[in-house]
Amino acid sequence: MKLFQYQGIDVKVDKLFLLMMVFYGFAKVLPQALIIFLVVLIHELAHTIVARGHKVNIKEIELFPFGGVAKLDFLEVDSNEEIRIALAGPLTNFFMAGLGLAAQYYYNTDYWLPFFIRLNIIMGLFNLIPVLPLDGGRIYRAWHAKSVGVFAATRKAAYQGKLMAVLILLVTVSGLYLRLWDLNAVTMACFLFYSAGEQDKTASFHFIRYLLKKREIISRENIQQLRPYYVRESTPIGELLPHLHPNSYNVFHVFNQSGVQIKTVSEEKLIEEYFKKGDQILMRDI
């Protein structure tokens with residue numbers, strides 16, 4: 001459901017968020033829900049402002065019960081830009097928590113201001129956990145992609161997201177014995193597991209788009225950092241593609257069984273052969 005538009009960006013809310021607002025209304029804690037909505041919105045706007053500063057297009061913002069998503073195309077940004085954009089949200093939460101602590105010094109309240117402070121601290125720390133789809137997962141992916149490539153980094157961060165969801169669920173269920181059952185934690189674990197699964201399922205699709213995007217970068221950029229690889233002639237190109245690095249130009253030196261170099265394959269040639277013949281073609285056949 002679309003709420004409003006901010007500088008050409010549609011701000012939407014998920015149906016679960018609306019159900020949460022209704023539930024909080026019946027529970028007579030609607031102000032608490034409004035504070036959550038405000039904090040989540042500011043968190044996502046912080047991502048948007050920093051992204052705009054890097055001339056990165058934000059498609060839309062969608063708010064969920066336990067956070068939000070500023071939908072940008074991570075293939076359009078380099079690793080360092082993605083890290084800065086992802087950090088903007090948690091840092092804004094910590095800044096708002098600091099403002100709340102300062103305000104509490106002058107205006108002591110029984111509940112709402114402490115709730116605002118606690119919410120920002122929890123949201124900031126939770127989003128720094130290195131799992132997708134959280135901000136920490138985006139930071140981890142951007143950093144890890146420098147060494148293993150975008151595809152492998154995305155799948156690993158998504159897998160970690162599933163593990164985190166299962167861990168939260170196990171801790172919550174075990175809390176039954178201590179009478180510490182928390183339905184919010186169960187819902188959050190389910191949402192995290194589902195979102196991480198979606199990231200995992202779309203990893204291959206994003207990887208294909210990444211290869212197409214890489215061809216554009218190669219043809220456009222005059223100077224790139226060179227990253228050499230040394231591979232056997234019997235290596236399928238499918239094993240090499242996930243190791244392509246987003247911020248460098250990759251060259252593959254191919255050796256036969258005797259250890260003699262027989263050819264050098266450029267990155268654009270590797271990508272071209274992949275789209276023509278698939279990922280099972282061997283390096284000696286390129």
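Reply: Two notes before we start. This is a predicted model, in which local features need pLDDT of at least 70, side-chain atom pairs count only at pLDDT 80 or more, and totals for chains, interfaces and linings use all residues. Residues are numbered from 1 along each chain as its sequence is written, and side-chain values use heavy atoms, with hydrogens and water left out.

Me: Thanks! What makes Tyr140 and Trp143 an aromatic pair, and why is the pair called tilted?

Reply: Rings of Phe, Tyr and Trp (its six-membered ring) pair if their centres lie within 6.5 Å; planes under 30 degrees apart count as stacked, over 60 as edge-to-face and the rest as tilted. The structure holds three aromatic pairs. In one of them, Tyr140 and Trp143 have ring centres 6.2 Å apart and planes at 50°, so the distance is within the limit and the angle falls under "tilted".

Me: How far apart are Tyr140 and Trp143 in helix 5?

Reply: They are three residues apart in helix 5 (residues 135-148), which is about one helical turn. The helix label itself comes from DSSP runs, numbered from the N terminus: helices are H or I with at least four residues, and strands are E with at least two.

Me: Why is the pair of Tyr229 and Phe252 called stacked?

Reply: The planes of Tyr229 and Phe252 are 15° apart and the centres 5.1 Å apart, so the angle is under the limit for stacking. This pair links distant parts of the chain: Tyr229 is in strand 5 (residues 225-232) and Phe252 in strand 6 (residues 248-255), 23 residues apart. Tyr229 is buried because its relative accessible area is 18%, and Phe252 is buried because its value is 0%.

Me: What makes Glu82 and Arg141 a salt bridge?

Reply: A salt bridge is a side-chain nitrogen of Lys or Arg within 4 Å of a carboxyl oxygen of Asp or Glu. The closest N and O atoms of Glu82 and Arg141 are 2.8 Å apart, so this pair meets the rule. A search of the whole structure finds four salt bridges. Glu82 lies in helix 3 and Arg141 in helix 5, so the pair ties together parts that are 59 residues apart in sequence. Glu82 is buried because its relative accessibility is 5%, and Arg141 is buried because its value is 5%.

Me: How do you know that Lys269, Glu273 and Lys277 are in one network?

Reply: Look at the bridges. Glu273 forms a salt bridge with Lys269, with the closest N and O atoms 3.2 Å apart. Lys277 and Glu273 also meet in a salt bridge, at 3.3 Å from N to O. Salt bridges that share partners join Lys269, Glu273 and Lys277 into one network. Glu273 and Lys269 both lie in helix 9 (residues 267-277), four residues apart, and Lys277 and Glu273 are also four residues apart there, about one helical turn.

Me: How do you know that the span of helix 3 is close to the expected one?

Reply: The expected span of a helix is 1.5 Å times one less than its number of residues. Helix 3 (residues 79-106) has 28 residues and reaches 42 Å from its first C-alpha to its last, close to the expected 40 Å.

Me: What is meant by the bend at Ala88?

Reply: The bend at a residue is the angle between axes fitted to the seven residues ending there and the seven starting there. Helix 3 bends by about 30° at Ala88, and a proline, Pro90, follows within four residues.

Key
Buried means under 20% relative accessible area, exposed over 50%, partly exposed in between (1.4 Å probe, protein chains only).
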